[in-house]
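Here is a short tour of one protein fold, written to be read with the model open beside you.

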Amino acid sequence: MPALHIEGYVIVSADGMLANAERVMPDELKFEGDKRFFTQALDRADLIVHGRHSHEGQPNSPRRKRIILTRTIGGIASDPSNPNATFWNPAGASFEAACARAGAGLGRIAIIGGPNVFDMFLDRYDTFWLSQAPRVRLPGGEPVFAGVPGHSPEEILAAHGLQACESQTLDAAEDVVVTAWRRTPQTS
């Protein structure tokens, strides 16, 4: 495993949205199987990375080390309200420096959104776990990546060197499936 193993996690609607038009994840995009999968993945992660408006909101959340992206600071700062959180402005410091400040110089990094955060790591993901709810549509919602809905999330992942590998059914009744998109090896 490389020093940092970067994984993305998201569930999207059939039209590639991770939230509704109000920028809120609606109940129709929440499934127990996906919630269990996501919780277990975050419990294995050494560090969680997300934007100011994204948060997993789970019982273990306060105990997880995290980096929160923000433009309100110059580079890296401690969160005075959470000893496990580090603020990071990508314009002022490298991701590696933020990880080091957060105490995670190596290990499994879980990127959990929002869209700008997912986009930042497109060329760095080792694995992107794309859960899809094909029976849910969120017209005018918030897309998972820039370029959606003009392109599907799958097309965007493939364009950044990831390929679909194993899949797992998370909710058979609603056809919710998670697919691991893995970085394809570079050939010389």
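How many bridges join S5 to S6, and do these strands run parallel or antiparallel? Three bridges join S5 to S6, and the two strands run antiparallel. Please keep in mind that this is a predicted model. The notes below begin with the sheet, then turn to a helix, the aromatic rings and the cysteines.

**The sheet as a whole**

- Nine strands make up an open sheet with mixed pairing, and their order is S5-S6-S4-S3-S7-S1-S8-S11-S10.
- The edges of this sheet are S5 and S10 (162-171); each has a single partner strand, so one side of each has no neighbour in the sheet.
- From one strand to the next, the twist averages 20°.

- S1 and S8 run parallel and are joined by seven bridges. Here Glu 7 stands opposite Thr 127 in S8.
- S8 (residues 127-133) and S11 (residues 176-183) run antiparallel, with six bridges between them.
- Two places to look along that pairing are Trp 129, which stands opposite Ala 180 in S11, and Ser 131, which stands opposite Val 178 in S11.
- Is S8 enclosed or open to the outside? Six of its seven residues are buried, so S8 is largely enclosed by the rest of the structure.
- S10 and S11 run antiparallel too, joined by seven bridges. Within this pairing, Ser 167 stands opposite Thr 179 in S11.
- A hairpin is formed by S10 and S11, with four residues between them. In its turn, Asp 175 has a positive phi of about 60°.

**Helix H2 and its buried face**

- H2 spans residues 95-102, and its buried residues are Phe 95, Ala 98, Cys 99 and Ala 102.
- Viewed down the axis of H2, these buried residues fall within an arc of 100°, so they line one face of the helix.
- As background, an α-helix has 3.6 residues a turn, so residues three or four places apart point the same way.
- Which strands do the buried residues of H2 pack against? They pack against S1 (4-13), S3 (47-51), S4 (66-69), S5 (76-78), S6 (85-88) and S7 (107-111).
- Just after H2 comes Gly 103, with a positive phi of about 85°.

**Aromatic rings**

- There are 11 aromatic pairs in the structure.
- In one of these pairs, the rings of Tyr 9 and Phe 37 have their centres 6.3 Å apart and their planes at 55°, so the pair is tilted.
- Tyr 9 belongs to S1 and Phe 37 to helix H1 (residues 32-44), so this pair ties together parts that are 28 residues apart in sequence. Both Tyr 9 and Phe 37 are buried.
- Trp 88 and Phe 95 also make a tilted pair, because their ring planes are at 50°, with the centres 5.4 Å apart.
- Ring pairs link Trp 88 and Phe 95 into a cluster with Phe 118, Phe 121, Tyr 125, Phe 128 and Phe 145.

- Asn 116 is found in helix H3 (residues 115-120). Is Asn 116 buried or exposed? Asn 116 is exposed, with a relative accessible area of 55%.
- Asn 116 and Phe 145 are 29 residues apart along the chain, and their C-alpha atoms are separated by 7.3 Å.

**Cysteines**

- How many disulfides does the structure hold? The structure holds zero disulfides.
- Cys 99 counts as buried, because its relative accessibility is 1%. Cys 99 is also one of the buried residues of H2.
- Cys 165 has a relative accessibility of 34%, so Cys 165 counts as partly exposed.

Conventions:
Residues are numbered from 1 along each chain as its sequence is written. This is a predicted model: local features need pLDDT of at least 70, side-chain atom pairs count only at pLDDT 80 or more; totals for chains, interfaces and linings use all residues. Side-chain values use heavy atoms; hydrogens and water are left out. Buried means under 20% relative accessible area, exposed over 50%, partly exposed in between (1.4 Å probe, protein chains only). The arc is that of the directions from the helix axis to the C-beta atoms. Contact means heavy atoms within 4.5 Å. A disulfide is a pair of cysteine sulfur atoms within 2.5 Å. Rings of Phe, Tyr and Trp (its six-membered ring) pair if their centres lie within 6.5 Å; planes under 30 degrees apart count as stacked, over 60 as edge-to-face and the rest as tilted. Two strands pair if DSSP finds at least two bridges between them. Axes are lines fitted to C-alpha atoms, for helices over the stretch in contact, and angles run from 0 to 180 degrees between N-to-C directions.
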